[in-house]
Amino acid sequence: MKKTILITGASSGIGKATAKLFSEKGWNVVATMRTPEKEEELTKLENIFVTKLDVQDETSVQQAIQQAMDKFGSVDVLLNNAGYGLAGVFEAISKEAIERQFATNVFGLFDVTRAMLPHFRKQGSGIIINVTSVGGRMTLPLFSMYHASKFAVEGFSESLQYELAPTGIKVKVVEPGSVATDFSGRSLDMHQDPTMKEYDGFTDKIVAAFQKRREAGVGSTPDMTAAVIYEAATDGTDTLRYRAGADAEQILTARATVDDITFFNLIREQFAL
């Protein structure tokens, strides 16, 4: 019997690459997104069901999960992938923008997970895979609110795996490479305040360094991360964390093996601070 994965945020990037990979591997895929009517590629692929799910809309969450059950009979893996990066110096970011960041990256993920758990408990199995980032284990300048949201998901996942283990449900975390890979892309919300001149030189250095990394192609690709997600879903282990990409391996190893001051100085060197 074919297994089924439900993916949030499948309209682009990691979500879309994962939907395509699981379909190629013979899985049923429920590819969810806020505007499924705009999707043209995934709707043409075998075993993929595209439907609406907005993680900030609990009704759409419940409807998407019920549609998945009606379509395929069960769901074996939930991939919480929907999210974006909020950037800028903390002082320049409004309370409303911070609330939006947490509503998507944290509370939305909580709501989707909570809605799926009754189905997993009933069938006595299931895997929850949460896409965080290296930014859930270490930090870069200008991303304090993004990092705060990803640190929250890391802590949530680590604690949740204890309480779900007796029910047969596993929790996994996939940590793709640097947030710099999406800098100036569709997944970034950049905030600046022209009246805060004291930050100008600092911000300019950070933006220039991120742009240079992006142009050089530094970081994990969606396909690399999709392959790691497939490993997490199929390796049959209780492993909690999976690093995705050489840059993720390098930076997380450095974070774990050197003291704070040494690591912070390494980051400052990267941004000429």
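In which helix is Arg268 found? The first point takes up this matter; the remaining points turn to other local features.

1. Placement of Arg268. The model under discussion is predicted. Within it, Arg268 belongs to helix H8, which spans residues 260-270. With a relative accessible area of 41%, Arg268 is classed as partly exposed. Its C-alpha atom is separated by 33 Å from that of Ala232, a residue 36 positions away along the chain.

2. Salt bridge between Arg241 and Glu158. The count of salt bridges comes to twelve. One of them joins the side chains of Arg241 and Glu158, with an N to O distance of 2.7 Å.

3. Salt bridge between Lys172 and Asp235. The side chains of Lys172 and Asp235 meet in a salt bridge at 3.1 Å, N to O. Lys172 is in strand S7 (residues 169-176) and Asp235 is in the loop between helix H6 (222-234) and S9, so the pair ties together parts 63 residues apart in sequence. Is Lys172 buried or exposed? Its relative accessible area is 1%, and Lys172 is therefore buried, the cut-off for that class being under 20%. Asp235, at 28% relative accessibility, counts as partly exposed.

4. Salt bridge between Arg255 and Asp260. Arg255 forms a salt bridge with Asp260, and their closest N and O atoms are 3.0 Å apart. Arg255 is partly exposed at 22% relative accessibility, as is Asp260, for which the value is 41%.

5. The structure holds seven aromatic pairs. Among them is the edge-to-face pair of Phe22 and Trp27, at 4.9 Å centre to centre and 85 degrees between the planes. Phe22 is buried, with 0% relative accessibility, and Trp27 is buried as well, with 7%. For Phe143 and Tyr146, the ring centres are 6.1 Å apart and the planes stand at 75 degrees, so this pair is also edge-to-face. Phe143 and Tyr146 are both buried. Together with Phe210 and Phe271, they form one aromatic cluster.

6. Surface charge. Which residues gather in a patch of negative charge on the surface? They are Glu91, Glu198, Asp200 and Asp204. Asp200 is placed in helix H5, covering residues 200-215. At 32% relative accessibility, Asp200 is partly exposed.

7. Backbone torsions. Most residues other than glycine have a negative phi. Asn47, which is not a glycine, has a positive phi of about 70 degrees, and is placed in the loop between strand S2 (28-33) and strand S3 (48-52). Ala272, likewise not a glycine, has a positive phi of about 55 degrees. Ala272 is found in the segment after H8 and, at 52% relative accessibility, counts as exposed.

Conventions. Residues numbered from 1 in each chain as written. Predicted model: local features only at pLDDT ≥ 70, side-chain atom pairs only at ≥ 80, totals over all residues. Heavy atoms only, no water. Patch = residues over 30% accessible without salt bridge, like charges linked within 9 Å, V, L, I, M, F, W, Y side chains within 5 Å. Areas by Shrake-Rupley, 256 points an atom, 1.4 Å probe, with all protein chains shown as cover. Salt bridge = Lys/Arg side-chain N within 4 Å of Asp/Glu carboxyl O. Lys, Arg positive; Asp, Glu negative; His and termini not counted. Charge placed at Lys NZ, Arg CZ, Asp CG, Glu CD. Helix = DSSP H or I, 4+ residues; strand = E, 2+ residues; numbered from the N terminus. Buried < 20%, exposed > 50% of the residue type's maximum accessible area, 1.4 Å probe, protein only. Phe/Tyr/Trp six-rings, centres within 6.5 Å; stacked < 30°, edge-to-face > 60°.
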